[in-house]
Amino acid sequence: MTSTDQPKRGDATPAGGNAAGGGRSPQEVDQVVIRFAGDSGDGMQLTGSQFTRTTALMGNDLATFPDFPAEIRAPAGTLPGVSAFQLRFSSFDIHTPGDVPDALVAMNPAALKVHIGELKKGGILIVDQGKFRPNDLKKAHWESNPLEDETLADYRLIKVDLQKLTRETLADAPLDTRGKDRCKNMFALGMLYWLYQRDPDPSEQFLDAKFKSKPDIAEANKKALRAGYNYADITGVFQVAYRVKAATFMPPGTYRNIMGNQALCLGLVAAARKAGLRTFLGSYPITPASDVLHQLSTYKHHDVVTFQAEDEIAAVCAAIGASYSGSLGVTSTSGPGMALKSEAIGLAVMAELPLVIIDVQRAGPSTGMPTKTEQADLLQAMFGRNGECPLPIVTGSTPADCFDAAYEAVRLAVTYMTPVVLLSDGYLANGSEPWRLPKAADLPPISVRFAQPDDHPGEKFQPYRRDPKTLARPWARPGTPGLMHRIGGLEKRDGTGNIDYDPDNHEHMVHTRAAKVAGIANELAPLEVLGERQGDVLLVGWGSTRGAITGAVLRQQAQGRAVSACFLRHLNPLPNDLETLLRSFRKVLIPEMNLGQLAMLIRARYLVDAEPVTKVQGRPFTGEELDAKIQSALESCA
Amino acid sequence: MTATEPLQAKDFKTDQEVRWCPGCGDYGILSSVQKAFAALGKRPDQTAIISGIGCSSRFPYYMDTYGFHTIHGRALSVATGVKVANPELDVWVITGDGDALSIGGNHFIHTLRRNVGIKVLLFNNRIYGLTKGQYSPTSERGKKTKSTPMGSVDNPFRPISLALGARATFVARSIDVFGAHLEAMIRAASAHEGTAFVEIYQNCNIFNDGAFKSFTDKPVRDERVLQLEQDKPLVFGKDRNQAIRLDGDLRPEIVTLGEGGVTEADVLSWDEAAENLALPLALSEMPEDTFPVPIGIFHRRGRATFESGVQEQLQAARQGRGDESLDALLQRGETWVVGD
């Protein structure tokens with residue numbers, strides 16, 4: 001919280017608490033970070049997304065970070081089963097979901113154990129008191145009850161027996177005890193709605209819609225939500241409520257809150273429709289990319305075909321087949337699936353067919369940490385194929401930016417007749433932020449021209465006759481009279497496409513395929529730079545590190561330091577103006593959630609002493625971590 | 001050539017030099033396919049031939065249609081994408097025993113169960129030819145090859161049994177040197193909606209010469225091959241007096257008509273549409289050395305194709321909210337407006 005008022009320390013107990021809070025007017029703050037944590041069965045993701053939705057509709061800027069275990073339901077009350085959702089909302093422009101929460105809701109001792117270390121000192125800590133029985137404490141490895149000793153003395157501890165209060169609220173509801181207990185997350189949400197002066201109406205509408213066929217459950221959840229709100233109001237348990245005004249910096253327009261995977265799907269469909277193409281997604285379920293398959297399967301009326309294949313290889317191969325027959329082939333996966341698709345991607349490079357390969361990266365290697373984020377597939381995307389096998393790589397940098405990244409990936413794929421890797425990551429995929437909706441008419445045009453029988457009258461069709469500017473080959477749709485031709489993975493003669501093992505031809509083709517991809521750099525817009533185009537320290541970011549880098553760089557600039565940042569949309573080819581920019585700073589830092597993969601590419605390409613700033617914890621950078629790195633880089637410049 | 005003139009086999013030939021070994025069974029198959037395509041009046045521009053890797057997979061280069069020579073084992077997956085994205089196309093897959101049953105085994109069974117409208121010609125020579133002579137998943141146990149100098153300890157697949165188990169809707173077998181029969185099977189496959197699977201015994205005269213000689217040689221052919229024909233009794237032999245009968249345990253046995261009072265009425269009358277897969281499976285599993293080798297259509301049944309299901313859903317979705325503009329799609333969900 002950047003408010004001047006430091007929250008008071010204390011242990012407010014609900015029972016018999018005075019009603020001081022009820023009467024006092026809410027305190028204005030410009031931002032809040034809250035985190036919900038509980039068992040994976042406690043409904044924390046739903047609770048968090050409801051708070052987010054309400055907050056978006058109230059016009060705040062926001063950023064979210066869901067953090068959940070790979071296990072669907074780990075044993076209840078244990079540390080591996082803890083699921084969390086963090087939300088930061090504000091009246092000003094923010095770039096990350098925040099590092100340390102101002103408020104933590106811990107639904108059990110395990111959630112408390114996992115997350116208490118990150119709550120800011122003096123922060124509000126709401127715990128479900130009824131869940132701190134000896135056995136619960138034991139499962140979470142607490143040796144004594146933290147609610148009864150000094151463990152939590154640094155926080156504003158609010159002990160609430162959510163289960164008891166929810167059961168009392170729902171005494172007359174026609175649900176069994178288990179059903180009643182499942183409403184306690186709504187009781188907690190209601191309390192937080194009061195604490196941060198949120199409007200409960202949108203959530204009530206949501207509950208009505210979600211449980212349309214189960215009105216008893218809808219009613220019970222709404223009742224619990226209202227009871228939680230009223231409980232906070234009447235008991236004064238929080239002493240004071242907070243208000244965060246709507247953000248005023250946002251450009252005019254229509255907004256919606258959007259997650260990265262959602263934006264990515266919309267970008268694909270928008271681009272395919274602009275290009276007049278059918279979209280064909282071949283996919284195999286994998287965390288954290290499955291939502292792409294789920295969402296695209298609901299867009300059939302926008303001419304989207306989704307094919308859940310028997311494996312990752314069939315998924316990409318079917319997409320290649322669809323592209324061959326004149327559709328936009330797309331495949332979505334995460335790192336392990338990328339590895340399986342490698343050979344087929346090589347075929348698409350060789351056959352020079354458009355294809356979009358979405359890699360929503362997760363922590364590796366191997367199965368790694370499926371629900372945790374990482375950016376360690378860059379070199380796999382770059383080099384993970386046999387032979388000289390270049391392809392363009394683009395990336396999104398915020399959840400909403402995944403729309404533009406997907407749009408660009410499609411544009412490149414069909415313009416240059418090439419597979420394109422679109423790198424997202426778990427943090428972008430599941431995080432959310434407000435998105436100003438583009439108008440379809442304002443989106444850049446994507447023109448696709450299929451080869452026609454009369455393109456070159458009197459000549460036999462040449463499947464590798466290239467466009468002199470883009471070096472793209474023609475896209476001839478099977479079914480077109482007179483253009484019958486054969487393509488494949490064998491080396492072929494440029495122009496005719498006939499199989500050809502001639503040494504000079506192979507060298508020519510390897511160089512041509514490379515030149516086609518490299519040539520994309522010539523049409524890229526100049527890099528946008530956050531700050532001056534020269535100075536002491538330049539941070540180069542790609543993907544989801546953008547938020548943390550932006551925050552850190554703005555803090556440095558506010559102190560008058562010559563620190564700038566640029567963010568790469570295109571990782572291959574790198575933009576033509578990058579080299580000059582790199583050489584215009586005394587120090588270049590490249591923060592990435594891997595061991596320095598982009599740094600390796602940039603150092604190799606430019607012989608610039610770019611320094612990697614790495615983190616591989618399955619979690620994004622915090623502002624503090626970057627502040628320290630920039631600080632020491634500045635010192636080395638001095 | 002004009003659209004009105006009927007095509008001939010030569011119209012499907014390309015200018016590419018055919019690079020199979022002289023004497024390879026693939027030549028005969030290529031010829032049968034070209035003849036069948038011409039007889040069926042196929043249009044080259046509406047036809048796509050997809051292959052994987054292996055000797056057989058060079059096939060598309062020799063057919064003047066649309067063709068895609070893909071990667072090892074994945075032809076069926078690529079073909080699925082071609083057919084589902086563009087159901088109007090006539091899509092054929094040329095594959096081999098290694099390509100379809102070893103590296104591509106997963107795609108083989110899943111394509112069959114989905115019943116995608118693809119015609120699959122599997123050239124089974126029971127050996128790896130292009131990699132120069134290792135045993136394949138259809139090689140007999142004990143086979144001595146470059147990679148199994150003491151003999152293979154693998155048990156082979158029977159592709160027909162595998163296809164039946166994967167619930168294929170069209171399962172047939174023919175032989176490279178049985179030109180007329182092969183052509184008939186190709187035509188039947190072409191007429192089938194859904195996945196049509198044709199296993200073609202093909203002689204590799206370099207690495208597995210004579211693999212099928214014991215029943216394909218002209219002098220023994222009639223005695224050793226059983227032609228399955230719809231509603232006809234399972235009779236074989238030069239004198240047409242040998243037949244297949246099922247005993248009380250549904251085990252096939254060879255009987256001689258006219259001996260012991262056995263008449264045609266006692267032997268199986270072939271029904272390729274039988275719902276009970278025990279019958280075609282029993283024939284597929286008959287030991288090759290002691291029973292005649294069945295060729296023809298083992299099983300054929302109608303079932304909705306995968307691509308028709310996909311198309312129906314696309315149409316239903318369009319009727320549901322087909323008028324949704326791109327702007328309306330982007331604005332779906334809850335939005336709010338920030339004013340000027």
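Predicted model: local features only at pLDDT ≥ 70, side-chain atom pairs only at ≥ 80, totals over all residues.
1. Helix pair, geometry. In chain A, helix α2 (residues 44-57) and helix α7 (residues 184-195) have axes that come within 10 Å and cross at roughly 30 degrees. Angles under 35 degrees count as roughly parallel, and α2(A) and α7(A) are therefore roughly parallel to each other. The crossing of α2(A) and α7(A) is right-handed.

2. Helix pair, contacts. From α2(A), the residues Leu46(A), Thr47(A), Gln50(A) and Phe51(A) meet Asn185(A), Ala188(A), Leu189(A) and Leu192(A) of α7(A). Classified by residue type, this contact of α2(A) with α7(A) comprises five nonpolar and three polar residues, with no charged residues.

3. Asn221(A). This residue belongs to helix α9 (residues 215-235) of chain A. A residue counts as buried if 20 or more other C-beta atoms lie within 10 Å of its own; Asn221(A) has 29 and is therefore buried. Leaving aside residues up to four places away in sequence, Asn221(A) touches Cys183(A), Met186(A) and Leu207(A). Gly236(A) is 15 residues from Asn221(A) along the chain, and the C-alpha atoms of the two are separated by 22 Å.

4. Chain B, overall. Chain B contains 11 helices and 12 strands. The C-alpha trace of chain B spans about 100 × 50 × 50 Å along its principal axes. Of the 340 residues in chain B, 48% are buried. Among contacts in chain B with a separation of 6 or more, 66% are between residues 24 or more positions apart.

Key. Residues numbered from 1 in each chain as written. Chains lettered and ligands numbered in written order. Axes fitted to C-alpha atoms, helices over the stretch in contact; angles between N-to-C directions. Helix = DSSP H or I, 4+ residues; strand = E, 2+ residues; numbered from the N terminus. Parallel < 35°, antiparallel > 145°, perpendicular 65-115°, else oblique. Left-handed = near helix turned anticlockwise from the far one by under 90°. Contact = placed C-beta atoms within 7 Å. Nonpolar A, V, L, I, M, F, W, Y, C, P; charged D, E, K, R; others polar. Buried ≥ 20, exposed ≤ 12 C-beta atoms within 10 Å, placed from the backbone.
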